[in-house]
Amino acid sequence: MRNHAIKSGEFSLEFFQAFVSNADEEVKMLVMLGLAEKQVMLLVSSQLIQICDDLFELCQVAANVDTTNKGLTVVYFAWVTLSALNKMAEYLQGKFKNVFVGTFV
């Protein structure tokens, strides 16, 4: 269990480093395309908000768990954690492009 927790923490760190790096790359690309700074910030912030909202929704489910049954609580929190890690993996595999395309729609 401890090893999984360490690996999950390392993966989360990798995700957020890629998350910040991606935002930086998107800003540079949009500036090179000649978009105004305000437009760039609106587009990139919209992308970042979407990613954070997706992760928040998964974690919010855990906030409403009945904690009287400790075994069920552990299983439920593990499921929520794995769901969030899976969502992060989807973003990493897609290099965050699925969100960026949605920003323009």
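1. Let's begin with the pocket. M1, H4, A5, S8, V74, F77, A78, T81 and L82 line the largest pocket. Here a pocket is an open set of points on a 1 Å grid over the protein atoms alone, with protein on both sides within 12 Å along at least five of seven lines, and lining residues have an atom within 4 Å of a point. The volume of the largest pocket is about 160 Å³, counted as the space filled by probe spheres set on the points.

2. A word on the model before going on. This is a predicted model, in which local features need pLDDT of at least 70 and side-chain atom pairs count only at pLDDT 80 or more, while totals for chains, interfaces and linings use all residues. Residues are numbered from 1 along each chain as its sequence is written, and side-chain values use heavy atoms, with hydrogens and water left out.

3. Which helix gives the most to the lining of the largest pocket? It is α3, with five residues; α1 (2-32) also supplies at least two. Helices are DSSP runs (H or I, at least four residues) numbered from the N terminus. By type, the lining holds six nonpolar residues, three polar and no charged.

4. Now look at α3 itself. Spanning residues 70-93, this helix has 24 residues and reaches 34 Å from first C-alpha to last, close to the 34 Å expected at 1.5 Å a residue (1.5 Å times one less than the number of residues). At its start, a side-chain oxygen of N69 comes to within 3.2 Å of the backbone nitrogen of G71.

5. Next, the inside. The largest nonpolar core has 10 residues: F15, F19, I51, L55, L85, M88, Y91, L92, F96 and V99. The largest share of this core, four residues, comes from α3. Such a core is a set of buried Ala, Val, Leu, Ile, Met, Phe, Trp, Tyr and Cys residues joined through side-chain atoms within 4.5 Å; buried means under 20% relative accessible area and exposed over 50%, with partly exposed in between (1.4 Å probe, protein chains only).

6. Helix α2 has its own buried residues: V40, L43, V44, Q47, I51, D54, L55 and A62. With 27 residues, α2 reaches 37 Å, close to the 39 Å expected.

7. Finally, K95 is worth a look. K95 sits in the loop between α3 and α4 (97-104). Its phi is near 50 degrees, a positive value in a residue other than glycine. Most residues other than glycine have a negative phi. Is K95 buried or exposed? K95 counts as exposed because its relative accessibility is 59%.

Methods. A polar contact is a pair of N or O atoms within 3.5 Å; within protein, one must be able to donate a hydrogen and the other to accept it, and residues adjacent in sequence count only if both atoms are side-chain atoms. On a 1 Å grid over the protein atoms alone, a cavity is a set of points where a 1.4 Å probe fits but cannot get out, and a pocket is an open set with protein on both sides within 12 Å along at least five of seven lines; lining residues have an atom within 4 Å of a point. Ala, Val, Leu, Ile, Met, Phe, Trp, Tyr, Cys and Pro count as nonpolar, Asp, Glu, Lys and Arg as charged, and the others, Gly among them, as polar.
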